[in-house]
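My entries follow in the order I made them.

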Amino acid sequence: MRTTSHSAAVPVPDRDGLPPGPGGIPVLNILRLLRDPLTSLSDAHREFGDATTFRVGSLRFVSVADPAFAQHVLVRNHRNYIKSRSYQGLRLVLGLGLVTSEGDHWKRQRKLAQPAFHRGRLAALADTIARCVEERTTAWEHRASPVIDVHDEMMQLTLRIVGRTLFGTDIGGGTDLDADLGALGPAVTTSLHKANEYAESLVRIPLWVPTPSNLRFARAKRLLDGIVHGIIEGRRRSGEQRDDVLGTLMAATDESGTERMDDQQLRDEVMTLFMAGHETIATAMSWTFLLLHQHPEVTARVRAELASVLGGRTPVVDDLAKLPYLGQVIDESMRLYPPAWIVERQALEDDQLGPWRIPKGTIVAVSPWIMHRHPALWNEPLRFDPDRFAAGAIERDKHAYLPFGAGPRICIGNHFALMEAKLILAIVLQRWSLELLDPAAVRPDPRVTLRPAGGMPARLHRADAPVLS
């Protein structure tokens, strides 16, 4: 276990045995952490090493950047840690789904949901994903303007994918839900912003108080709940058994073979999967297209691999194993820009992390953003280099790379997410080049996920056409 500091000074525990942290006025440190967490955490780790503490009053927030510390909290001693207070904001949106629930309820739900994400079942969804990508990219040919917002396009695309794979319903594709499409994206954004605002608030205003923020959230939640409950109710009325994710969740039973999820449990799990499948993949793909724009040599190498394996045709699931460099590009993109940029846990009892004492109630944060850019873990960590993930590359600690978390609570949809990302990238790159208009202006917005702040405008070019600069 590494415990050395990045700075010249040897880190010394504070008065409670916690790791050292920023001096000065504690409340100002916390406010800076909330306002600019990426810079604040990076600066603190640069000064104090692989564990650093922010505190104000009785609040103790410890950020760790050592793979052994991450493994201890998320894997070895995970029973001593629950989701932190930050997840209370997400609970407003997701209810008691897999991301936000704890204890026996989480264990039961995880067992019931697991069959929906069996690799064999996921493979059956690959053709559905590919059709969605083809339809969206074909529609680009008929746009009045060649300028798109990459992030908005990825959000719209993943909305359709999650609709078809999760619900077996083409959200925004000519169904009764078509009228809701224009409002769905903003509803997701509003809900996630409210979750983030609620989590960060030192003084939380009750949701029943009619503030503008609360009213916007209530409208967004009504829309999302109405769609999800409507689909569940319609499926129950019809008695139809479909082979989509919702159908699998509805049919899942416990060990006795008799108990199934009720409508509220289904709603919470479906909403969790909807949000994760929509938001997280769209964010990951947006950052991938930014990095490819900045590294045309990588783009050329991916296209050469695609041409060799696919020859211009639409990929199927069996093709993905034959496209290793494509997978490396996605892995490296999620290293530099992990959508789930921080994972927080709260200690149920006193614990020990290396030389540091972790008192009961302390929030411990494992940040993939920090660990994935750690100079002791990665050579030239800020350089985009997909060959880091090539077969036979330099071995690294498995807990140095955590785009989906680790331990029992690793993201249940990680294999689905990677399959979807590979299919999207393979189809888009064979057809289009995305010329970002102002890549230097794109900045990460670290909220619930690591969205690009202000969008990502780009000009579309056919893949076989020259890009004018």
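**Helix against helix**

I began with two helices and noted that α13 passes α15 in a right-handed crossing. The model is a predicted one, and I read every entry with that in mind.

I looked up the ends of α13 and found residues 324-336; the axes of α13 and α15 come within 10 Å and cross at roughly 115°. Angles of 65 to 115 degrees count as roughly perpendicular. I therefore wrote down α13 and α15 as roughly perpendicular to each other.

Next I listed who meets whom. From α13 I have L326, G327, V329, I330, D331 and M334, and they meet L418, A421, K422, L425 and A426 of α15. Sorted by class, this contact of α13 with α15 holds eight nonpolar, one polar and two charged residues.

I then turned to α7, residues 150-167, which packs with α15 at an angle of about 125°, the axes being 13 Å apart.

Which residues of α7 meet F416, E420 and I424 in α15? I found M154, L157, T158, I161 and T165. By class, I have five nonpolar, two polar and one charged residues for the contact of α7 with α15.

**The sheet**

I looked up the strands next. Strands of a sheet pair through backbone hydrogen bonds, either parallel or antiparallel. Here three strands make an open sheet in the order β4-β12-β9, with antiparallel pairing. The edge strands are β4 (147-149) and β9 (432-436), each of which pairs on one side only. From one strand to the next, the twist averages 40°.

How many bridges join β9 to β12? I noted five, with β12 covering residues 457-462. I also looked up E435, and its bridge partner in β12 is R459.

Helix α15 came up again here. It spans residues 414-431 and lies across β9 and β12, running at about 90° to β9.

**A salt bridge**

My last search was for charged pairs. Side chains of opposite charge can pair when their charged atoms come close. Over the whole structure, the search finds 24 salt bridges. I picked one of them: the side chains of E141 and R462 meet at 2.8 Å, N to O. E141 is in the loop between α6 (119-139) and β4, while R462 is in strand β12, so this pair ties together parts that are 321 residues apart in sequence.

How values were computed: Residues are numbered from 1 along each chain as its sequence is written. This is a predicted model: local features need pLDDT of at least 70, side-chain atom pairs count only at pLDDT 80 or more; totals for chains, interfaces and linings use all residues. Side-chain values use heavy atoms; hydrogens and water are left out. Two strands pair if DSSP finds at least two bridges between them. Helices (H or I, at least four residues) and strands (E, at least two) are DSSP runs, numbered from the N terminus. Axes are lines fitted to C-alpha atoms, for helices over the stretch in contact, and angles run from 0 to 180 degrees between N-to-C directions. Contact means heavy atoms within 4.5 Å. Angles under 35 degrees count as roughly parallel, over 145 as roughly antiparallel, 65 to 115 as roughly perpendicular and the rest as oblique. A crossing is left-handed if the near helix is turned anticlockwise from the far one by less than a right angle, and right-handed if clockwise. Ala, Val, Leu, Ile, Met, Phe, Trp, Tyr, Cys and Pro count as nonpolar, Asp, Glu, Lys and Arg as charged, and the others, Gly among them, as polar. A salt bridge is a side-chain nitrogen of Lys or Arg within 4 Å of a carboxyl oxygen of Asp or Glu.
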